[in-house]
Amino acid sequence: MSEKIDELKQTFQEDMDKAQNTEDLENIRVKYLGKKGTITELLKGMRNMQGDERKEAGKRINLLKAQVSESIQERGKQIQKEMEKRLLMADRRVDISLPAGNNIGSLHPITIVQRELEEIFSSMGFAVEDYNEVVTEYQNFEAVNVPKNHPARDMQDTYYLDNGELLKTQTSAAQNYILRKYGAPCRAIFPGRCFRNEALDASHENTFFQMEGMMVDKDISVANLIYFMETMLSEVFQTDITVRLRPGFFPFTEPSFELDIHCPFCGGKGCATCKHGGWIELCPCGMIHPNVLKMGGVDPDKYTGFAFGLGLTRLAMMKFDINDIRVLNSGNLKALDQFTIL
């Protein structure tokens, strides 16, 4: 494995020396960091290793992955500056009536992450559902065990319409609909856009994306929750992910947890992404509260289930190393068109 890593470093540097434009860089990114890229294949190959050998290989591969990503970004900035300089020297004007040429656009980072998660959960037998953005107060709060005057509503200040309906604050608003549609047993995920009246800063937006998931059947336990979350996150980050649960409180789950992941970027040593703690807080989860099952028409004496709320916006920021949430809703093409070309 050590020889493969060294050879890969040399090959990557040779490819970077030949890169002349953004198209070349994109081809290099796909070659090394894509789903079938050489570094991705190295990570998959670790499954056959054991003990210290696997730990050491994981550190070296993740370090190589970070170096490759950083080198591509830096070279991209250089190419962009060189292009701007040439345009300035030539005193050219941009004719916006000209056709766009071969660059026909890119997928939004959140769309990339959402599609990837939908594919992963579909392979595990989960249905993918859509749900309204405008809901009733009952659907958003009371159906998920948040009655009127409950203090948990203070954390989810939202936007109300003249007819009394509101913009949903969480994808949990679809839980009652899913339970009544499928009954028990059921497995479903339901991604969607959510809204909250927030003071905007680098980590808070009034419009963001979540993905709710739930599984209901006989004898479902916390062990099932851990298994599915570890499996999903390992696929997303293309490396084995360790999770931990901390006690939390959410009205619609009992017991409730905060799920953290062992930082995949530094291996738990501590870095800027995990705020030097080795762990990253990722999503709330827990066993579905009996009251929520009852309101969904499911007998809590026969069935149990787990639910989780995964922040697609946060996951996209982690996956693509975006440090300001406002970039995602900005419409800034320079920031957004660097991810995946259609």
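A pocket, on a 1 Å grid over the protein atoms alone, is an open set of points with protein on both sides within 12 Å along at least five of seven lines, and its lining residues have an atom within 4 Å of a point. By that definition, Lys35, Lys44, Arg47, Glu116, Glu119, Ile120, Ser123, Glu235 and Gln238 line the second largest pocket here.

Before I go on, the ground rules. This is a predicted model, where local features need pLDDT of at least 70 and side-chain atom pairs count only at pLDDT 80 or more, while totals for chains, interfaces and linings use all residues. Residues are numbered from 1 along each chain as its sequence is written, and side-chain values use heavy atoms, with hydrogens and water left out.

The overall picture, then. The protein chain has 11 helices and nine strands; these are DSSP runs numbered from the N terminus, helices being H or I of at least four residues and strands E of at least two. The C-alpha atoms fill a box of roughly 65 × 55 × 35 Å along the principal axes. Of the 342 residues, 43% count as buried, where buried means under 20% relative accessible area, exposed over 50%, and partly exposed in between, with a 1.4 Å probe and protein chains only. The chain exposes about 18900 Å², with 49% of that supplied by carbon and sulfur atoms; the areas come from the Shrake-Rupley method with a 1.4 Å probe, and for residues only the protein chains shown count as cover. Contact means heavy atoms within 4.5 Å. Among contacts between residues at least 6 apart in sequence, 66% join residues at least 24 apart.

Back to the second largest pocket. About 200 Å³ of space lies in it, a volume being the space filled by probe spheres set on the grid points, which are joined across faces, edges and corners. Which helix gives the most to its lining? That is helix H5, residues 109-123, with four residues. By class, the lining has one nonpolar, two polar and six charged residues. The classes are these: Ala, Val, Leu, Ile, Met, Phe, Trp, Tyr, Cys and Pro are nonpolar, Asp, Glu, Lys and Arg are charged, and the others, Gly among them, are polar.

One of the lining residues is Glu116, located in helix H5. Is Glu116 buried or exposed? Its relative accessibility is 10%, so Glu116 counts as buried. Leaving aside neighbours within four places in sequence, Glu116 is in contact with Lys35, Glu235, Val236 and Lys319.

A cavity is a set of points where a 1.4 Å probe fits but cannot get out. Strand E5, residues 207-217, supplies the largest share, three residues. By class, the lining has five nonpolar, three polar and one charged residues.

Now the aromatic rings. Rings of Phe, Tyr and Trp (its six-membered ring) pair if their centres lie within 6.5 Å; planes under 30 degrees apart are stacked, over 60 edge-to-face, and the rest tilted. The structure holds eight such pairs. Phe121 and Phe126 make an edge-to-face pair, 5.1 Å centre to centre with 70° between the planes. Tyr227 and Phe228 are also edge-to-face, because their centres are 5.3 Å apart and their planes stand at 75°. Both Phe121 and Phe126 are buried, and Phe228 counts as buried at 7% relative accessibility. Ring pairs link Phe121, Phe126, Tyr227, Phe228, Phe306 and Phe308 into a cluster.

Last, the backbone. Most residues other than glycine have a negative phi, and most peptide bonds are trans. Where are the cis bonds to proline? One runs from Ala184 to Pro185, with Pro185 in the loop between H7 and strand E4 (186-195). Another runs from Glu254 to Pro255, and Pro255 lies in strand E7.

Two residues other than glycine have positive phi to mention. Asn145 has phi near 70°, lies in the loop between helix H6 (137-140) and strand E3 (166-167), and is buried at 19% relative accessibility. Asp219 has phi near 65°, sits in the loop between E5 and helix H8 (222-237), and is exposed at 71%.
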